[in-house]
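Biologist: I'm new to this one, could you put it up and talk me through a few spots?

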Amino acid sequence: MTPRPWRALTLLAALASACEGTSIVGQPSPSGPGGPPVSSVRAGLEETGRAGIDLRTGASPHLGRLVVHGATAYVANSFDGIAAFQLGAGGRVTLTKEERMAPGVPRCTTIALHPASSTLFCAAADRSGPALGETTSPIAAYRVGGPDVFSLRSPSAVRLEAFVAALHVHGDRLLLATFDHGLLQAPISADGSLGAITALPRSGDAVALAGAGELLAQLDRDAGLRLWRVTPSAIEPEGEAAALDGPPLAVTMDGTTIGVALGSRGAAVYAAATARPTLLTTLHPPCSAVSIALRGDLAAVGCMDGLYLYAWREDPRHLRGFVPARTASLDLAFAGDALVATDWTDLASLRADPAGESVHALLPRGRYVRPGEDLTIPLVNPGAVTLHVDLTLSPASRSLPSVTLAPGATTTVRIPSALLAQGREMVALQARSREASAGSEGARTALRVASSDDPAPPIGAAFPSLESERGQAPVTLPLTGRRQVIVFNNDTCVALWPELQDLAWLARHPMNPEGPSVMLVTNANPDFIAHWRLEALATLVRSDSYTLHEGHFRVEGIPGAWHTEYFVDERGVVREVERVYTGPASPVGGFSALGAP
């Protein structure tokens, strides 16, 4: 599988002196972008509603895996437990219940619903929350009854000697993917209680599950895509596994069609078959795919920085829709005619049109820059129709020259440092195409100007020398004469896990042997490294890696999760800083800034 090539269009949004009261050459009136709207293009993906958790309440939402049942979406909310949203008419979304994690209740990184008993099961994929330091992992059960009826039924319906990558309800069975402990099953009674847990023979490694009809799909980190046939009396293997070309991050089913998210290798669509799953097509969004949803001929691929829509049977290379994420998207699912997707603190509903086109430009999620320097930002048209993009800087709502982007084209927007000074550390650049609907927000990137007391090195600065602890393998960063990606992390962050799995897979299967070296700054927790199979990643070991990240290298203001990536060139100079992983296929991410892969 080869990432889609990107055709570069050299175009500079040339701006002259921008002192206060001085006009900018070619700039439309400050009252707003010029040019008429373009109404002849149908958007393939268009947001219709959004609701989020208010951070001012003390919440710390990390919305991840979701389950849709009727007009309700239940979402795993990590250390904050579970959230419920009502999906209303016209694509409206309403937060109806936020169930914070009670003492002794496991963190929720995966959930599954048993409709017959109105029971929602929750489990954690790592040793965090109440399970920190324990050798067993609890599975909690909640009683649900629509979008606003929600109560804890049991904080520990069962305990396991393993941690749970994914839960799935198939009929009256709870299936549990437990990493290298394989695939487990437990019967669910009419009142939602669980019977004895048993292991399925020859189930290998299990990290993701999906089911439809009598078929169950399992992602195995060793074997690939496995199928099982489920009957009331047994679960039996269905043929051989199909090898996968990428890290197995997520799986979905629509009848006998199976979709798999494969990180930087994109996504793949398979047909169930008796001998082994048959590959039908591959999809190559310009990102790292962490989720996928199928409905008929439509495939929606979720990346942390945005959502991509394909009519996969018609032409898998033709992007039918794209909507950028505001923070970080980890899961999506079709709900009737709508597509719903998590976006860290929010749940969004979107209209999907198989005859539509991609009408949004693609920007980096943020830029962290030195004061007094002009800023260059890549702007990309990932779709198949020409976009007329209006650019605005906020909070002053200053309009910049509009840009015309041919299909697949990349341009560079240059912003003079004078527009970034003015006593503000944070500025946002919004790119909104005239092809998009009037109410669309478009793409947005946060521009953070480093202050004199910021310890984190911005773009253009030298990365400070960092050494491993005494007694550990001697490593000094930055590496000499090598392009490198330096990853600071909090290993409990759900948005970090797919990134590290993708980076580890790329380390084992390099697209370019001369590509950047990946260095993980870690406290060397052996359970964490083994749990996520990160042995292929080079590490710099520091017992203070968390406080080092928090106090010196985490960049506030740029949207993202609880980790930071520095992309550093051969001379030790920072070329990009990211807090949302985009992968080597992205034309606007850190790998691109290093000229990789």
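Biologist: Is Arg370 buried or partly exposed?

Modeller: Arg370 counts as partly exposed, at 29% relative accessibility, where buried means under 20% relative accessible area, exposed over 50% and partly exposed in between, with a 1.4 Å probe and protein chains only. Keep in mind that this is a predicted model, in which local features need pLDDT of at least 70 and side-chain atom pairs count only at pLDDT 80 or more, while totals for chains, interfaces and linings use all residues. Residues are numbered from 1 along each chain as its sequence is written, and side-chain values use heavy atoms, leaving out hydrogens and water.

Biologist: Which residue forms a salt bridge with Arg370?

Modeller: That is Glu373, and the closest N and O atoms are 2.6 Å apart; a salt bridge here is a side-chain nitrogen of Lys or Arg within 4 Å of a carboxyl oxygen of Asp or Glu.

Biologist: How many salt bridges does that rule give?

Modeller: The count comes to 31 salt bridges. One of them pairs Arg50 with Asp346, with the closest N and O atoms 3.0 Å apart. That pair links distant parts of the chain, as Arg50 lies in strand β2 (residues 45–52) and Asp346 in strand β29 (residues 346–352), 296 residues apart; strands are DSSP runs (E, at least two residues), numbered from the N terminus.

Biologist: Switching topic, what does Ala428 touch?

Modeller: Leaving aside residues up to four places away in sequence, Ala428 touches Thr392, Leu393, Ser394, Arg444 and Thr445, contact meaning heavy atoms within 4.5 Å. Ala428 sits in strand β35 (residues 426–433) and is buried, with a relative accessible area of 14%.

Notes: Helices (H or I, at least four residues) and strands (E, at least two) are DSSP runs, numbered from the N terminus.
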